[in-house]
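Here is a friendly note to read with the structure open beside you. Please take the points in order and find each residue as you go.

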Amino acid sequence: MAHLRRQPKGRQMTPVVLGLALVAAALWAQHTDLGPVRDLRHRLEGVAYDLRFDLTRPFAEGEDAGVVIVDIDERSLREEGRWPWPRAKVADLVERLFAAGAVVVGMDTVFAEPERNLARRTRERLRAVPDLEPPETVWDILDRAAPKLDGDRTLARALTGTDTVLGFMLSSDAPNKGALGPPLTAAGLGDPATTGIRNIPGHLGNLAPLQEAAASAGFFSILPDGDGILRRYHLVLGHEGEVYPSLALAMARLYLLAEEVEIHTAPVGDVRPVDHLELANMRLPTDGEGAVLVPYRGEQHSFPYIAATDVLSGAIGSDRLAGKLVLVGSSAQGLFDLRATPVANVFPGVEVHANVLRGILTQRFPKRPNWAEGANFAFMMVGGLLLAGLLPRLRPLMLTMVSLGVAVVLAVTNIALWDRLQWDVPLALPLIMVLVLGSLNMAYGFLFEERRRLQLKDLFSQYVPPELVEEIAADPDSAASLGGERREMTVLFADIRGFTTISEALSASELKDLLNRFFTPMTRIIFENRGTIDKYVGDMIMAFWGAPLTDPDHAGNAVAAALAMQAEAERLGETLAAEGYPEIAIGVGLNTGPMNVGNMGSDYRRSYTVLGDAVNLGSRLEGLTKTYGVGVVVGETTRAGLEDAFLFRRLDRVRVKGRAEPLTIYQPLCATEAADAGIREEVAAHERALDAYFHRDWATAREVFGELADSHPDDPLYRLFLERMAETDPTDLAADWDGVYRHESK
């Protein structure tokens, strides 16, 4: 609707101001260090990271870089016994791994407590038994057996001379116990305390003899993000002023025969965040703490797994471990080394080390470019300002398309950078800003449109049925303009025959009761057939079809309503007559054509109505119902296109008062499907009579009309033509007589 579509200045400015405030809030949220906001930002970015990672899996392709996992799985625990296994069994496992050709073995476990010696434990128990004095030979046997039953010594011998990396734990809750192995010789690092490397105060290391026998050591501590998801992996951590390598970094260093790890920093004020690590001329991109984003290959078992029990039993082929880097760890539920990751909620910690080790050897890690934060700021600033100014000016559909379009382009571009280049560019805040801007304007527009919808409902509820009011409210643009519009429509006029005589015979209250009982069912029928009430004038009803909602079948709906009104009038007339009221009958006129429709009137009172020559003709046709003695008269434009839906009887060719052009008028009798053989024969005979009449063959016309009048004495139409022909001799007709009958009355 034209005047309702215009958005006042305040309507436009309010969402613009809100949009600008939202953009400012998003920019602040991206850079603030306020704890709750920062944590929420990290969580949102973490969710976006996880979805993007799980969607694309950019590290799924490629070789496993020779990394194999020997798994202390559920089957191994069933067959070899519960964990921890005797150190001799672990020693046997290590020896078998290297015998099978393993190059480097990393232990994702710690041996912090000495193993109880069975011989010494037996000796202690025997001495504790009262009154028991075993022979000296028993003590000699236990003393000689003790060194051979020393599991720690057995494991130390197995580790000696091998490239084994023992794991240890760095944790704030650890008791500072056990040996850690040598810290990194980190070239160019300087004082670790001034770097961004995270410092962990506690540790739990291995027994000193075991650590001294091993080739190296690395921490297996994994620090998840604040939401518990393991996305980052610290290659280095600080402890007591030294820097220690992770298990994966220590294994890679040993495998690559690197003497040292170079830790490069990028000074920012008094702090020197880590920029990257360099190992054997390989650059490892890290964040400021020396952590990398884990390049997950996929879900669990993305690497070759070998059950530890199969290694111990010799059930594996000789080629499965030759030249491999082996990580010994556990995927068993009871050992609690399971983590939540972007690719799986339950993921073995040992396979996290495997993914990082593969990433080091292939130099493939996710990277966050230095320009990422600046690019996000620029987009949120420029794009946010443009959207804040543009979106309030768009209609709902276009607003939705623009908002979603920008969001999709942003997401697709981000995912493409990730999938092709493994660039981790923040996505959550810019995407949320775009979607919230769109939602904000949609919500504000909805409130504005809701107010307009209520206005439309108030306006049209007095004219149209509730169902159409709801349709108009749901789609205001489908309604005709209140300011005026020209449409092809159908108009209906209906009034009570002889109403003046009827009204004189009734009291005021009886007349009111009769009109109410008449208008109510007639209005219901019009509403049921999607019509709009224009007005009631005395006993007359004026209605139209085709506005405010466009109705492609406006003529058909109007004819159906007219026939239903006739049937209802007959039923009502019988009811009223039984109650002592005068019997009533109605006449209905219908016409279809171009009409002007809109809310018209004065500044004091307006009415939603139709105007035009086609409307006036509809009123004239209603008046002709009395002349032809029929209930409904329609114009030829109304009948056009409805020949298959309704059975029409051609009434005459007339020229009405006020119109120079003649027209053919019709009477709709019933729906075509309801017409029986008798009525079809009657209509066919009537057509023959009319054709003879218009062709001046009045002898045939008189004969057929006479037969029809005799067989249908209650139908005055046939007598009308017989009387018309009786008054005129066909030989007296003018040469240009075309059969058009002129009606001078309205």
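Which residue in S17 is the bridge partner of Thr341? Point 1 has the answer, after a word on the model.

This is a predicted model, in which local features need pLDDT of at least 70 and side-chain atom pairs count only at pLDDT 80 or more, while totals for chains, interfaces and linings use all residues. Residues are numbered from 1 along each chain as its sequence is written, and side-chain values use heavy atoms, with hydrogens and water left out.

1. **A hairpin to start with.** The bridge partner of Thr341 in S17 is Ala344. Strand S16 (residues 338-341) and strand S17 (residues 344-348) run antiparallel and are joined by three bridges. The hairpin between S16 and S17 passes through two residues. Helices (H or I, at least four residues) and strands (E, at least two) are DSSP runs numbered from the N terminus, and two strands pair if DSSP finds at least two bridges between them.

2. **The whole chain.** The protein chain has 24 helices and 26 strands. Of its 746 residues, 50% are buried; here buried means under 20% relative accessible area, exposed means over 50%, and partly exposed is in between (1.4 Å probe, protein chains only). The accessible surface is about 34900 Å², and carbon and sulfur atoms hold 55% of that surface. These areas come from the Shrake-Rupley method with a 1.4 Å probe, and for residues only the protein chains shown count as cover. Among contacts (heavy atoms within 4.5 Å) with a separation of 6 or more, 75% are between residues 24 or more positions apart.

3. **A covered strand.** Look next at strand S1 (residues 67-71), where five of the five residues are buried. Val67, Ile69 and Asp71 point one way, Val68 and Val70 point the other way, and all are buried. In a regular strand, side chains alternate between the two faces of the sheet. S1 pairs in the parallel sense with strand S15 (residues 325-329) over five bridges, and Leu325 in S15 is the bridge partner of Val67. S1 also pairs in the parallel sense with strand S14 (residues 305-307), over three bridges. There, Ala307 stands opposite Asp71.

4. Is Ser76 buried or exposed? Ser76 lies in helix H4 (residues 74-80) and counts as buried because its relative accessible area is 0%. Leaving out residues up to four places away in sequence, Ser76 touches Asp71, Gly81, Trp85, Ala307, Ala308 and Thr309. A polar atom of the Ser76 side chain is 3.1 Å from the backbone nitrogen of Thr309. Ser76 and Ser330 are 254 residues apart in sequence, yet 9.7 Å apart in space, C-alpha to C-alpha.

5. The structure holds 33 salt bridges, each a side-chain nitrogen of Lys or Arg within 4 Å of a carboxyl oxygen of Asp or Glu. Side chains of opposite charge can pair when their charged atoms come close. In helix H18 (residues 508-528), Glu528 and Arg524 are four residues apart, about one turn of the helix, and their side chains meet in a salt bridge (3.2 Å, N to O). Glu528 is exposed at 53% relative accessible area, whereas Arg524 is partly exposed at 38%.

6. **A salt bridge across the chain.** Arg649 and Asp715 also meet through their side chains in a salt bridge (2.8 Å, N to O). This pair links distant parts of the chain, 66 residues apart: Arg649 is in strand S24 (residues 646-655), and Asp715 is in the loop between helix H23 (698-711) and helix H24 (716-726). Arg649 is buried, with a relative accessible area of 3%, and Asp715 is buried too, at 14%.

7. Leu20 sits in helix H2 (residues 9-31) and counts as partly exposed because its relative accessibility is 38%.

Methods. Polar contact = N/O pair within 3.5 Å; in protein donor to acceptor, adjacent residues only side chain to side chain.
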